[in-house]
Amino acid sequence: MWLKKGVFSLIALAFFVDGARADITIVQLANEGAIISDGEVSVMIDGMVVEPYSVYGGLPENAAALFNQASGPYADVDLALASHRHHDHNQPKYACQFMKKSGDTQFISSSQVLGLMREKCRKLVTTSPRIREIDPQYGAPEVFEESGVKVTAFLLSHGTRKYAKIQNYGHLIEIGGVTVLHIGDAAMSPQDFQTAGLDQTEVDIALIPFWFFRPGPGADIVKQYMDAPVKVAVHIPPSEMTEIKAYLVENFPAVTVLEGPMKELKVSSALQ
């Protein structure tokens, strides 16, 4: 067990997948951070966040201690990803710290993410073979495999004006026979999701920013492009958790909410 009794909670779900049995555990970290594991391989995305940033949360003391030691759910992370450079998704100081502590982790992200890290640990970023830059473009995703996990990274706009130049990547993570979708802070642009081919992609678990479920165009985008059997609302500010969870329970009761870092979701698939 990673933590003392009462520190984390478990939600178990089941769905049916064609093919081999797959048992997947998702550990909620801060904001959109998650560790996804099939029991043999672990992938962390947007997980190198420790301190609160703006209205968004960081890690509680007990979880920060695990991060600092690369222990508990942070132990044996095979692959780390970061959707974009904002500090509620990747904090350069802590990313450098984690990569130094966790000697086997591969870290793959954008030039903007790695550029900010370079300011904190230049030698590591510029010389380590464990750190690699990718540059997917619209209609031209990058596909790579690490430790038996297949990842498709694709560009999704973060928005307009000051957000227009942010390299925001969506990720399809194929692990244990299950496909997990993470979209970073994607703008509500149906064209982007169409270009990424998500209307033709079978997704089993989708980690979706909570604002897609607010009144507006988001719900239609979810229905058309992210209608996975398991949908998890993420990036909920701690101060708004009670209100947002109540809204989701009333309006989207099938959507799962993990109420803060170290909450755990176990998704078990079984053949009929």
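First, the ground rules. This is a predicted model, in which local features need pLDDT of at least 70 and side-chain atom pairs count only at pLDDT 80 or more, while totals for chains, interfaces and linings use all residues. Residues are numbered from 1 along each chain as its sequence is written, and side-chain values use heavy atoms, with hydrogens and water left out.

Let's start with the disulfide. How many does a search of the whole structure find? One. Here a disulfide is a pair of cysteine sulfur atoms within 2.5 Å. Cys96 is joined to Cys121, with 2.0 Å from S to S. The angle about the S-S bond is -75°, and the link of Cys96 and Cys121 is left-handed. Why does this pair tie together separate parts of the chain? Cys96 sits in helix α2, and Cys121 sits in the loop between α3 (111-118) and α4 (122-127), so the link spans 25 residues in sequence. Helices (H or I, at least four residues) and strands (E, at least two) are DSSP runs, numbered from the N terminus. Remember that a disulfide is a covalent bond between the sulfur atoms of two cysteines.

Are Cys96 and Cys121 buried or exposed? Both are buried. Buried means under 20% relative accessible area, exposed means over 50%, and partly exposed is in between (1.4 Å probe, protein chains only).

Stay with helix α2. Its buried residues are Pro92, Tyr94, Ala95, Cys96, Phe98 and Met99. What do they pack against? The list is β4, α1, β6 (106-109), α3, α4 and β7. Contact here means heavy atoms within 4.5 Å.

Now the salt bridges. The structure holds five. The cut-off is a side-chain nitrogen of Lys or Arg within 4 Å of a carboxyl oxygen of Asp or Glu.

Pair one brings us back to α2. Glu51 forms a salt bridge with Lys93, with 3.7 Å between the closest N and O atoms. Glu51 is in the loop between β4 (42-45) and α1 (61-69), and Lys93 is in helix α2 (residues 92-101), so the bridge ties together parts 42 residues apart in sequence. Glu51 is partly exposed, at 36% relative accessible area. Lys93 is partly exposed too, at 45%.

Pair two is Glu146 and Arg132. Their side chains meet in a salt bridge at 3.7 Å, N to O. Glu146 lies in strand β8 (residues 142-146) and Arg132 in strand β7 (residues 131-133), so this bridge ties together parts 14 residues apart in sequence. Glu146 counts as buried, at 18% relative accessibility. Arg132 is partly exposed, at 34%.

The closest N and O atoms are 2.9 Å apart. Lys231 counts as buried at 14% relative accessibility, whereas Asp227 counts as exposed at 51%.

Last topic: backbone angles. Asp46 is not a glycine, yet its phi is positive, about 50°. Where is Asp46 found? In the loop between β4 and α1. Asp46 is buried, with a relative accessible area of 1%.

Asp76 is another case. Its phi is near 60°, again positive in a residue other than glycine. Asp76 lies in the loop between α1 and β5 (79-81). Asp76 is exposed, at 65% relative accessible area. So look at both aspartates on the model: Asp46 is buried, and Asp76 is exposed.
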